[in-house]
Amino acid sequence: CGGSTICSGSNSATETDAKPPCCPVNAFWSSWSAWGAWSASCGQRNHTRSRTCSGDSCGGSKVCSGSNSATETDAKPPCCQVNAVWSVWGAWGAWSKTCGPRSHTRLRTCSGASCGGSTICSGSNSA
């Protein structure tokens, strides 16, 4: 490039690092999974969903804040159909006579049906 002011070629050179140091990436949460099945078909019930903590690399944090699972309770669950049942027998009543052939009776109650369950108990309410 002697006395001329015009030189051929570039006045700068660029080199790409073949093995550059990595940049730290902190862990992160995946998207939530779909809600799982309800724990019961009726009455008090809940279901859960989950997510995964991953993605930490090159010295980044391996910790995600928060929980990896969530539980939801059904605010208005369908009621459970319950059929009526007999109560325990009550006490025996007084004898019908003081002597000779006689009898006495005890009673029980059929109750407890809910949510469309049968209100009928099989058998008699007296013995």
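Arg-51 touches Trp-29, Ser-30, Ser-31, Trp-32, Ser-65, Gly-66, Ser-67 and Asn-68, leaving aside residues up to four places away in sequence. Contact here means heavy atoms within 4.5 Å. Arg-51 sits in the loop between strand S2 (46-50) and S3. Its side chain reaches the backbone oxygen of Ser-67 at 2.9 Å. Arg-51 is buried, with a relative accessible area of 19%. Buried means under 20% relative accessible area, exposed means over 50%, and partly exposed lies in between (1.4 Å probe, protein chains only).

A word on the source. This is a predicted model, in which local features need pLDDT of at least 70 and side-chain atom pairs count only at pLDDT 80 or more, while totals for chains, interfaces and linings use all residues. Residues are numbered from 1 along each chain as its sequence is written, and side-chain values use heavy atoms, with hydrogens and water left out.

Now the whole chain. The protein has 0 helices and 6 strands. Helices (H or I, at least four residues) and strands (E, at least two) are DSSP runs, numbered from the N terminus. Along the sequence the pattern reads β-β-β-β-β-β. The radius of gyration is 40 Å, well over the 14 Å that the globule rule gives for 127 residues, so the protein is more spread out than a compact globule. That radius is taken over C-alpha atoms, and the globule rule is 2.2 Å times the number of residues to the power 0.38. The C-alpha atoms fill a box of roughly 150 × 25 × 20 Å, taken along the principal axes. Of the 127 residues, 10% count as buried. Among contacts between residues at least 6 apart in sequence, 55% join residues at least 24 apart.

Return to the buried residues. Asp-74 is one of them, with a relative accessible area of 17%. Asp-74 lies in the loop between strand S4 (69-73) and strand S5 (85-86). What does Asp-74 touch, not counting residues up to four places away in sequence? The answer is Trp-38 and Arg-45. With Arg-45 there is a side-chain polar contact of 2.7 Å. A polar contact is a pair of N or O atoms within 3.5 Å; within protein, one must be able to donate a hydrogen and the other to accept it, and residues adjacent in sequence count only if both atoms are side-chain atoms. The Asp-74 side chain also reaches the backbone nitrogen of Lys-76 at 3.3 Å.

Next comes strand S6 (residues 110-111), where Ser-111 is found. Ser-111 is partly exposed, with a relative accessible area of 40%. Ser-111 touches Ala-84 and Val-85, not counting residues up to four places away in sequence. Phe-28 is 83 residues from Ser-111 along the chain, and their C-alpha atoms are separated by 56 Å.

Most residues other than glycine have a negative phi. Cys-58 has a positive phi of about 55° although it is not a glycine. Cys-58 is in the loop between strand S3 (53-54) and S4, and is partly exposed, with a relative accessible area of 30%. Cys-115 also has a positive phi of about 55°. Cys-115 lies in the segment after S6. Cys-115 is partly exposed, with a relative accessible area of 33%.
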